[in-house]
Amino acid sequence: MKAGIVGCGFVGSSAAYAMALQGVASEMVLIDLNTELARAQAEDILHATPFSYPVRLNAGEYRDLAGAALVILACGVAQKPGESRLQLLERNALIFRQVVPQVLSHAPDALLLVATNPVDIITEMVTKISGLPPARVFGSGTILDTARFRTLLGDFFGISPHSVHAHVIGEHGDSEVLVWSSAQIGGVRLEEFARQGGVALDDKARARIDDGVRRAAYRIIAGKQATYYGIGAGLSRLAQAVRNNECGVFTLSMHEEEDGELRGTCLSLPRILGSAGVVATLRPSLSAEEHAGLLRSARTLREAAGAISI
């Protein structure tokens, strides 16, 4: 599979590095406004391929995206310490109005995977700018939040996160919803798993895990200015699902067209991803509190999207 990455900062380069290490793409093209940065990242990552998998990896221009099956959009400015994802909106909006038409002029058949924050609003923007069906434009959404949730639950119970099935839905941001009600470990609901293991999953433990998920980005940004390893690995995983036509389930952000309560909003729900893009959306069973939280998250995103001209 040929893939392109537009934006070679922390997130874009981490995604390219993870994809190279995992052999996800046979060819990758890195594009950045700073051409020297793109060249340096491509050369550095290329030198890792003897230790991983062979890949044709080059810095290029938009015309070099011809034939790409997937283009990851990781361009834009980074989140500042203490800045919410939604506050990034105006600073990133102009960039995508310039980038998307150039990508599609050379790779009209590519799927577009948005990674830039605020990812839900940017995904909405890219969907409208591109004119593509929503299934072909999706954001990384809450894949990282979901990974954090599973990691912390696994750590709490002493279980591999691979055996934890739990989702974070809604906004990739402060209003996101941790779906506790249907979370399971090995097919057993959390409360029952805790009972069998003699572990107290009380309100204090839940609050600590919630904070660990919801506030993780702020802590990481305060310590090292940006988050990139986790999301880089997540983007590589999505690229792998596209390459293999895997039809795996991931919490992706996509423009909602069918659901009456969420219609017209880009947010994350469990979605089935394959080589054609998002082929189906799952509607998880939610508690009344979680359902209300999802609607609040949708309102937050609607208000933010309405604040700019897309």
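Start with glutamate 256: leaving out residues up to four places away in sequence, Glu256 touches Leu262, Arg263, Gly264, Thr265, Leu267, Leu269, Arg271, Thr281 and Arg283, where contact means heavy atoms within 4.5 Å. Glutamate 256 sits in the loop between S10 and strand S11 (266-274). With a relative accessible area of 2%, glutamate 256 is buried; buried means under 20% relative accessible area, exposed over 50% and partly exposed in between, using a 1.4 Å probe and protein chains only. Helices (H or I, at least four residues) and strands (E, at least two) are DSSP runs, numbered from the N terminus.

A word on the model: it is predicted, so local features need pLDDT of at least 70 and side-chain atom pairs count only at pLDDT 80 or more, while totals for chains, interfaces and linings use all residues. Residues are numbered from 1 along each chain as its sequence is written, and side-chain values use heavy atoms, with hydrogens and water left out.

Now for the cores. A nonpolar core here is a set of buried Ala, Val, Leu, Ile, Met, Phe, Trp, Tyr and Cys residues joined through side-chain atoms within 4.5 Å. The largest one has 39 residues, and Ile5, Met19, Met28, Phe138, Leu235, Leu252 and Leu273 touch the most other members. Helix H9 (residues 229-243) supplies the largest share of this core, six residues. Another core, of 25 residues, lies apart from it, and its members include Ala68, Val100, Ala110 and Ile122. In soluble globular proteins, nonpolar side chains tend to be buried together.

What does leucine 235 contact, leaving aside its neighbours within four places in sequence? The list is Val11, Ala15, Ile72, Leu113, Ala115, Ser140 and Ile143. Leu235 is one of the buried residues of H9, along with Ile231, Gly232, Gly234, Ser236, Leu238, Ala239, Ala241 and Val242. The 15 residues of H9 should span 21 Å at 1.5 Å a residue, and its end C-alpha atoms are 21 Å apart, which agrees; the expected span is 1.5 Å times one less than the number of residues.

Helix H3 (residues 89-106) has 18 residues and reaches 26 Å from its first C-alpha to its last, close to the 26 Å expected. H3 does bend, by about 30 degrees at phenylalanine 96; that bend is the angle between axes fitted to the seven residues ending there and the seven starting there. Buried in H3 are Leu89, Asn92, Ala93, Phe96, Val99, Val100, Val103 and Leu104. The buried residues of H3 pack against strands S1 (2-6), S4 (70-73) and S5 (111-114), and against helices H4 (119-130) and H10 (288-306).

On to the rings. A search of the whole structure turns up five aromatic pairs. Rings of Phe, Tyr and Trp (its six-membered ring) pair if their centres lie within 6.5 Å; planes under 30 degrees apart count as stacked, over 60 as edge-to-face and the rest as tilted. Two of the pairs look like this:

| Pair | Centre to centre | Angle between planes | Type |
|---|---|---|---|
| Phenylalanine 10 and tyrosine 228 | 4.6 Å | 15 degrees | stacked |
| Tyrosine 228 and tyrosine 229 | 4.7 Å | 65 degrees | edge-to-face |

Phenylalanine 10 lies in helix H1 (residues 10-22) and tyrosine 228 in the loop between helix H8 (216-224) and H9, so their pair ties together parts that are 218 residues apart in sequence. Phe10, Tyr228 and Tyr229 form one aromatic cluster. Within it, phenylalanine 10 is partly exposed at 48% relative accessibility, tyrosine 228 is buried at 13%, and tyrosine 229 is exposed at 59%. The charged end of lysine 224 sits over the ring of tyrosine 228, 4.0 Å from its centre; that label needs NZ of Lys or CZ of Arg within 6 Å of the ring centre and within 35 degrees of the ring normal.

Most residues other than glycine have a negative phi, and most peptide bonds are trans. Asparagine 245 has a positive phi near 45 degrees and comes after H9, in the loop between H9 and strand S10 (248-255). Cysteine 247, found in the loop between H9 and S10, has a positive phi near 55 degrees. Asparagine 245 is partly exposed at 41% relative accessibility, and cysteine 247 is partly exposed with a relative accessible area of 41%. A cis peptide bond joins asparagine 117 and proline 118, with omega about -5 degrees, and proline 118 lies in the loop between S5 and H4.
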